[in-house]
Amino acid sequence: MSLPRRVLVGVLLACLAVALGVTVAVSLFLTSSRTVVLVGHDTVVRPTLADDAVVQTGPLLPDLRIRDVGPVGVTLALGKTEVGSVEELVERYALIAGDPTAPVEKVQDVVVDMAVSAALRGLAVGLVPVAVYLLLGRHRRGELFRGIRSRQGIVALVLLLVLPVLVWQPWEADEETQEEQGAWQTLAELAGPDVVLPEEVRDVEVRVGPVTTQSKRLVLSAIDTYDRSKEFYSAAAEGAADLDVREPEEGETVALVVSDRHDNIGMDRVARAIGEAAGASVVLDAGDDTSTGQPWEAFSLDSLSATFDDWDRYAVAGNHDNGPFVSTYLADQGWTMLDGEVVDAPWGGTLLGVDDPRSSGLGSWRDETGLSFDEVGERLADAACSAVEDGERVSTVLVHDANLGREALRRGCVDLVLGGHTHVQAGPDAVEGEDGATGWTWTNGTTGGAAYAIAIGSKPRRDADVSLVTYADGRPAGLQWVRLRTDGSWLVGDWSPVTPLP
């Protein structure tokens, strides 16, 4: 029994739409590209049919290739970045490779987004014949099909078939480049039998050529940095699980405080491990996640966001997070950026904070330029005391420099001020405010182990600190610091109870 004509036409149209849509989607996907900030570079991401990931590092360093990364491959062309020397650049690569989760996930998200975009466009193109068929109607379709049998119709049909080929121009070919003339060699082959490599990098390939030969020293130096960094921070993260930190009791919430990371992404997994050991579910970031606040430092923010992706996340920008980039980038990744307005906190109380006035933001006063540190502190105290007047005492003020909260403490409008900035842990210090109200101030050390604004390295440049804040009934109940020393040993401070008095 033959199918009804309408059903047959519908099936043919559906097949045509699917075939055209898939063809266009695949073509668009394989010819598409996106520019993102990756490993400190403006990076062009292009999908390929190969199942390899190729990193094109530019003219001074050898390209890298990782085989069998998945059903779709990718080419990453590294572009502009900020760096003092080639040696510094190679060291940065090695440190990022020590914990590649964030950049890998970022590339995967970009490729998936390009695939979805191409699929939607392919679907739109695939529906064009269906729309045209329906718009023409039976009478005009009949005229069109009868016209195809004419000489003019045949010419038009040929032109329609030739047009895609003319656009595609498959006969055009690029000249063979210097890059393509190089051969691929594994790091194990490049290093030789006398060099012991970490197992996970032995099969990473480099493009062999004159530059590669001259860069062998840099490559081996990067491998050494990668190995030392991965070993140090992996051991620290494992050791954090056994630390003698106070765990929350029934009804309590623990927040992990980080500050002054200054691009040291190696400490992120260590901080997470400390927080997990203490039962933390909230992260409070007191700023200075970068050294300059520039887009090339997005790798640091990507790492921080990926590490605490499933926690409640609150942050302010520090004085080194100069400009709007850091605050905007973290907000886009789901962080609650405190901007001078009181917000509800996960522990049942309230939270207030603002970016350091020496950096990008002035909270809800962004449009007012030239406000001094003290003036911003006054505005912050006004916001805290307004909440008290409304019957809701602010349980915590999060700022980069704890001194920004001293006026709020003096007026007796806040339980606890948390900050960083000095790179030295201090507190808890009780502050008696007006009418006998008592609050506390606490300064976290440098989570990145930073010396000045520099923290990136195969291990912390100085002792690295995080803090743990225990909340009960919506108010702070106690504080504890945890310190990773430069030799890999640990110091854990006593849990200090705090009793804010109204």
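In the predicted model, R411 and E407 form a salt bridge, their closest N and O atoms being 2.9 Å apart. A salt bridge here is a side-chain nitrogen of Lys or Arg within 4 Å of a carboxyl oxygen of Asp or Glu. E407 counts as buried because its relative accessibility is 15%. Buried means under 20% relative accessible area, exposed over 50%, and partly exposed in between, with a 1.4 Å probe and protein chains only. A second salt bridge joins the side chains of E434 and R410 at 3.2 Å, N to O. This pair links distant parts of the chain, 24 residues apart. E434 lies in the loop between β16 (426-432) and β17 (438-443), whereas R410 belongs to helix α13 (residues 406-410). Helices (H or I, at least four residues) and strands (E, at least two) are DSSP runs, numbered from the N terminus. E434 is partly exposed, with 38% relative accessibility. R410 is also partly exposed, with a relative accessible area of 41%. Through shared partners, salt bridges join E378, D382, E407, R410, R411 and E434 into one network.

This is a predicted model, in which local features need pLDDT of at least 70, side-chain atom pairs count only at pLDDT 80 or more, and totals for chains, interfaces and linings use all residues. Residues are numbered from 1 along each chain as its sequence is written, and side-chain values use heavy atoms, with hydrogens and water left out.

The whole structure holds 19 salt bridges. One of them pairs D289 with R261, with the closest N and O atoms 3.0 Å apart. The two residues are 28 apart in the chain and link distant parts of it. D289 sits in the loop between β9 and α10, and R261 in the loop between β8 and α9. Both partners are enclosed: D289 is buried, with a relative accessible area of 0%, and R261 is buried at 1% relative accessibility. Side chains of opposite charge can pair when their charged atoms come close.

Strand β17 contains T441. T441 is buried, with a relative accessible area of 17%. Leaving out residues up to four places away in sequence, T441 touches A402, L409, L416, V417, A426, G427, P428, D429 and V431. Contact means heavy atoms within 4.5 Å.

The protein chain has 502 residues, and buried residues make up 50% of them. Its secondary structure comes to 13 helices and 21 strands. Among contacts between residues at least 6 apart in sequence, 66% join residues at least 24 apart.

The largest nonpolar core has 37 residues. Such a core is a set of buried Ala, Val, Leu, Ile, Met, Phe, Trp, Tyr and Cys residues joined through side-chain atoms within 4.5 Å. L256 and V270 have the most contacts inside this core. At least two core residues come from each of α8 (216-240), β8 (252-258), α9 (266-277), β9 (280-285), α10, α11, β18 (464-472) and β19 (475-484). Helix α9 gives the most, with 6 residues. Beyond four places in sequence, V270 touches Y233, A236, A237, A240, L484 and W490. Another core, of 22 residues, lies apart from the largest one. Among its members are F29, I96, A118 and F299. In soluble globular proteins, nonpolar side chains tend to be buried together.

Helices α10 (residues 298-307) and α11 (residues 325-332) have axes that come within 10 Å and cross at roughly 35°. Axes are lines fitted to C-alpha atoms, for helices over the stretch in contact, and angles run from 0 to 180 degrees between N-to-C directions. The contact involves A298, L301, D302 and S305 of α10, together with F325, V326, Y329 and L330 of α11. These residues divide into 6 nonpolar, 1 polar and 1 charged. Helix α10 is largely enclosed by the rest of the structure, because 9 of its 10 residues are buried. The buried residues of α10 are A298, F299, S300, L301, D302, S303, L304, S305 and T307.

R202 lies in the loop between α6 (187-191) and β7 (205-208). R202 is partly exposed, at 31% relative accessibility. R202 and T186 are 16 residues apart in sequence, and 6.6 Å separates their C-alpha atoms in space.

Terms used
Nonpolar A, V, L, I, M, F, W, Y, C, P; charged D, E, K, R; others polar.
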